[in-house]
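Okay everyone, thanks for coming. Have a look at the screen, and I'll talk you through what I'd look at here.

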Amino acid sequence: MKTNDIILQTATKVVLFIIVLFSVHIFFAGHYTPGGGFVGGLLTSGAIVLLLLAFDMKTVSKILPVNYIHMIAVGLLFSIGTGAGALLFNVPFLTHAFGHVELPVLGDTSLHTATLFDLGVFLVVVGVTMTIIQTIGEDE
Amino acid sequence: MINFLILPILIPLITGVLLIFAAKRIMLQRWIAGLSSVITIMVSALLVQKVRNDGIQTLDVSSWEAPFGITLVSDMMSAILVLTTSIVAFACLIYSFWSIGEDREKFYYYAAFNFLIVGVNGAFTTGDIFNLFVFFEVMLMASYVLLVLGGKKAQLRESIKYILVNVISSALFVIAVAYLYSVVGTLNMAHISVRISEISQVAQPGIITVIAVLFLIVFGLKGAIFPLYFWMPGSYYAPPAPILALFGALLTKVGVYSITRTYTLFFYHDIGFTHQLLSILAIMSIIVGVIGAIAYWDVKKIIIYNIIVAVGAILFGISAMTPDALSGSIFYLVHDMIIKAALFLLAGIVIAIAGTSDLHKISGLIKRYPGLGWTFFIAALALAGIPPLSGFIGKLLIVKGGFEAEQYWGAGIVLMSSLLVLFSIMKIFINGFWGTPRAYKGEDTVPVRRMMIAPVILVAIAVLYGVGSEFVYPYISQAAETLANPNIYIEAVLKEY
Amino acid sequence: MEILMAFVIGILFMSATYLMLSKSLLRIIVGTGLLSHGAHMLILTMGGLKRGAAPLLGEHASSYSDPIPQALILTAIVISFGVTAFFLVLAYRAYQELGTDNMDRMRGTEGND
């Protein structure tokens, strides 16, 4: 049976970007306030799940041709790499570096290697969630 | 290099991640996994030597100072166990090359394998009770994957039970940590020990005893002691030999290590109740394990029940709390990890040849496979503790410690159990290897010679470990000294106390 | 407040135990979820309930809530999220493979295959 989901599909096209933007906001907010990679990752995967609900598996994998298992691995590499970078400087594992940098457009910006760690978490969360949903969803 | 003690955790972790990318290229995976395993062995051997020379190594992860952040602590016991884990992992890995099958290899077998090692090494190394929980979960997650990989009906069914048991025990672990945190207000193991000493100056409060028993339940479920072993024979029966060897040699021992750590570092003030309980449960485990091992006519089941016997013997030594008994327990723990892995791998070869694990249907293997037969024979003697093989010294020290602690019954039962263990394992030898040779379907396709490499290495190490115990003993006694005297551990972690 | 929390946790554990003792695999998984919720609530309560500023922000609040239990709960939630997800996928596979979600019928007769 063909269902009429035009409203959902149209709404998704708009809402998707709002959710993704919000997840990016939450991700960066995690620097000093509540938020971070885990929540941001869950929000992004929520957006992708919404896309899956509105369209179907094939369309979505055409739009986002990502191997989610590799995404997990890349995320893990980011997180472990950030932690293991400390080994090069002979400080304890996972010790982070931070400081204020003068950037051309943004002006005085506080940069922190923990953001890279969080980016890894973000990727892992998206990868894991989507892998789970794909595993259950794909054999219908 | 202050980060030295994290390398046995970090190397398998990075390897596991890299192996995800190489999932479809089997030869590449084997090379990466094998190389990283060798490097891990070398690093952990260096770590043991470093601990021997410079004392306990600690690392405050992320530069947060000791009681506040997560601390990794490598004392002699954990360093030795990390080394043993790396060796056992290497043996299981090269055994897998010729026996695990392409389907599994393509489905992230080696990645999960490495993550399991991360969990085990991490659990041995961590100095933070909640971090211990996290590493337990890493290890369990990997073990779920390894258990279910292949997707046979029996595997699916057993995985469900295994996961359910472990989810419940994880919840209990969290609850126990919550109780402990509410009483002592810290999670650093050394700091917990200090706080418990402060509040137990007159007498150990009842709540600490409750927490001790709760921890015993949690770790006992992982370590398969009586009466919490019920899940083990079924779940360990399902997976193929290398995974079974890995589980049997490592996973239960992590539970045993955790009991040892908590009962020597935290709950040593009132050994009248908690250690008495531990000792009774240990003896019951020995008895139940021996009964199971004698009763079954199945190669895998016999060795699986022998795990319970070994766990009981080790914990009996811990419960006696004398220096001799503690060294005996550590000695026996290392011995058991090596020899159990060897026996499971040998049993795997027997099953691969015969196509069944039922002893009634196997006989006369020694005619065609003398090497296999004699290796099994040596491993069996080592398991039962025939001098000068490795099981002997451990058991001797445990029994000696038991007599010193005036636990004559327990020590007697440990002694008796050796005899019955020998009987149960000789049952495999007599029925499986002697008798009239039979022809088995498909036995020619089994690469016996290549599969023999790993167990031969392990048995050789076990023999050397027993014969060279003179050389090994200083390391073991250093480990036991730290266990018997928690202040050494505490001073190494919290520098100012 | 602690008394109320104790009751809530007790009810969660009770329902979790009830669900885990049932035969349907899905109910068992929901039970494990409730069990871990109960454990998380227990950590929160055990860490001490109090009104105060968030642990992360500012240095001027008169009382802080202890950040450690919250960090522990976050970790435990992530872990139980992972385990539950794995369990669900496994249950789904088992349902496909064995054709039932009833634990009694799953026991099977093949025994030692």
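Let's begin with pLDDT, which is the predictor's confidence in each residue, from 0 to 100. What we have is a predicted model: local features need pLDDT of at least 70, side-chain atom pairs count only at pLDDT 80 or more, and totals for chains, interfaces and linings use all residues. On bookkeeping, residues are numbered from 1 along each chain as its sequence is written, chains are lettered from A and ligands numbered from 1 in the order in which they are written, and side-chain values use heavy atoms, leaving out hydrogens and water.

So how does chain A do? Its average pLDDT is 86, and 97% of the residues score at least 70. Within chain A, helix H1 (residues 6–29) has the highest mean of the elements, 92, while strand E2 (residues 107–112) has the lowest, 78. When I say helix or strand, I mean DSSP runs numbered from the N terminus: H or I of at least four residues for helices, E of at least two for strands.

Next, the record. UniProt, in an unreviewed entry, puts "domain: Na+/H+ antiporter MnhB subunit-related protein" at residues 7–131 of chain A. Those positions are in the numbering used here, feature names are shortened, and annotations may be inferred rather than shown by experiment. In the model, residues 7–131 of chain A are 70% helix and 10% strand, with the end C-alpha atoms 27 Å apart. The unreviewed UniProt entry also lists "transmembrane region" at residues 12–32, 38–55, 67–91 and 111–133 of chain A. Take residues 12–32 of chain A: 86% helix, 0% strand, and 31 Å between the end C-alpha atoms. For residues 67–91 of chain A, it's 84% helix, 0% strand, and 35 Å end to end by C-alpha atoms.

Now some packing. How do helix H4 of chain A and helix H1 of chain B sit against each other? H4(A), residues 68–88, and H1(B), residues 7–21, pack at about 150°, axes 9 Å apart. Axes here are lines fitted to C-alpha atoms, for helices over the stretch in contact, and angles run from 0 to 180 degrees between N-to-C directions. H4(A) and H1(B) are therefore roughly antiparallel, a label for angles over 145 degrees; under 35 is roughly parallel, 65 to 115 roughly perpendicular, and the rest oblique. Contact means heavy atoms within 4.5 Å. Residues making this one include A:Ile69, A:His70 and A:Leu87 of H4(A), and B:Leu7 and B:Phe21 of H1(B). By class, the contact of H4(A) with H1(B) has 15 nonpolar residues, one polar and no charged. Nonpolar covers Ala, Val, Leu, Ile, Met, Phe, Trp, Tyr, Cys and Pro; charged is Asp, Glu, Lys and Arg; the others, Gly among them, are polar.

B:Phe226 and B:Pro227 are joined by a cis peptide bond, omega about -5°, and B:Pro227 sits in the loop between helices H9 (206–223) and H10 (232–237) of chain B. Another cis bond links B:Pro387 and B:Pro388, omega about 5°. Finally, A:Leu94 isn't a glycine, yet has a positive phi of about 75°.
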